[in-house]
Amino acid sequence: MGQSRLLAMVLALSGLLTGCGSSGTTGISELGSSITVLAELSSKADPIEQARVQALLQEQIKEFKRINPELHIRFRALPSDRLEQEVIYQTQRGLGPDLMLLASNRDLINLQQKAYISPVVISSQEQSNFRSSYLEHLRYRGQQLAVPLLVYPALACFNRKQLPQSPQTLGAIIRLGQQEHSFGLNSNFEGLDLVMSGFGLTVFPQKSNRSYYPKKLLKALQWYREANLQPYISFVDNDEELRQGLVAGRFEWIPCSSGWLPSLQRALGADLGIAVLPAGPEGPAKPMLRMPLWVFGSQSNPRQRKFAKQFMLFTVNTVNQRSMALRLGTVLPVNPTIALPLKAYPTLSVMHTSTKNSGTTTLEQKHFLLKYTKKVEGLLNLVITGVQSPNAVAPKFQQLLNAMPTTDQQ
């Protein structure tokens, strides 16, 4: 490839992306000191929260450039579908992004198999910036495919004016529904762990636990069926309907992500209440953690990879992690060295309690999960809608669980 053609390609890419930091075009001699950072705008996330996180990232980019003045960073945030198109477009031209911030529901194994991303090597010292369990669940065949940036705990959100306190148990939800208090619940797979875990279930059990599942699974499905029989309890299949339902007063209570709080607080003000999710007969809810993830592009040269990794580590250092948690008020740090003033921040205290009860899935399990999501949701909806009885669906559900990767296979 001629030098003029390569320069034209670089200039064309520069025109497609929004630059942050130094202005002007990037010449061939600067290619090694220029990185592209893309951020995913998930349709399931609160748009206010996404804008706030972007603003903080741009501040961190500015500060990182201050200590690395030779570096040029191009930053762009794109909706999920457009981001995937952009990655394909750039990768096909040998100009794939160096660093991407992705939503936690991405299939990273699939992205690696398509050669859009590549593993990153994290030294023992660098690993101290992360809770070890957060890194472990993002490894695949001994390689680190991603690292987390922040934690968004699962919560219960409710309107204090209509419902003074959040129900503490799944049984209380049904009793309050019978008293004409309105509830919105998930009928999709992402909400399954909120209920199932209260019955002592997980979609990724250890082999030794599976023999105990049929009876617990039947009870959980019976709860879904009984809940849906209540006219004031509604099951919906998307997050936006839950958020808007609480804002509009159709629901008095919903399961929510801490990332939804900015929009809910804007709408409800002091009437917004938050709590940990209701427990089940087998103990507290143990929802899966949701974390935006840093992943590394597959086409960076060594210098670009070096800067991309340095910037990633910059975002998870003690100063930046503490600043993001306190300024946003909706996230918890992934850096374990930070002690937040929980007594002074009641919302963070509730989030902290929820996170202690939460779990993670491995990348192998996530890969399997995304493949069979529609089948699991279909079985659940058969019960919720009354098309089939819990007794009829439970064996089919159990058969699918038996095929899933177990926690003791990792």
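Modeller: Axes are lines fitted to C-alpha atoms, for helices over the stretch in contact, and angles run from 0 to 180 degrees between N-to-C directions. Helices (H or I, at least four residues) are DSSP runs, numbered from the N terminus. This is a predicted model: local features need pLDDT of at least 70, and side-chain atom pairs count only at pLDDT 80 or more. Residues are numbered from 1 along each chain as its sequence is written.

Colleague: At what angle do α2 and α11 cross?

Modeller: Roughly 125 degrees, and the axes of α2 (residues 47-67) and α11 (residues 261-268) come within 6 Å.

Colleague: Which residues meet there?

Modeller: From α2, Ile 48, Glu 49 and Arg 52; from α11, Pro 262, Ser 263 and Arg 266. Contact means heavy atoms within 4.5 Å.

Colleague: Now the rings. How many aromatic pairs are there?

Modeller: The whole structure has 7. Rings of Phe, Tyr and Trp (its six-membered ring) pair if their centres lie within 6.5 Å; planes under 30 degrees apart count as stacked, over 60 as edge-to-face and the rest as tilted. One of the pairs is Phe 64 with Phe 314, tilted, at 5.4 Å centre to centre and 50 degrees between the planes.

Colleague: Where do those two sit in the chain?

Modeller: Phe 64 is in α2 and Phe 314 in α12 (residues 302-315), 250 residues apart.

Colleague: Is Phe 64 buried or exposed?

Modeller: Buried, at 3% relative accessibility. Buried means under 20% relative accessible area, exposed over 50%, partly exposed in between (1.4 Å probe, protein chains only). Phe 314 is buried too, at 15%.

Colleague: Which residues form the aromatic cluster?

Modeller: Phe 64, Trp 294, Phe 311 and Phe 314.

Technical notes:
Side-chain values use heavy atoms; hydrogens and water are left out.
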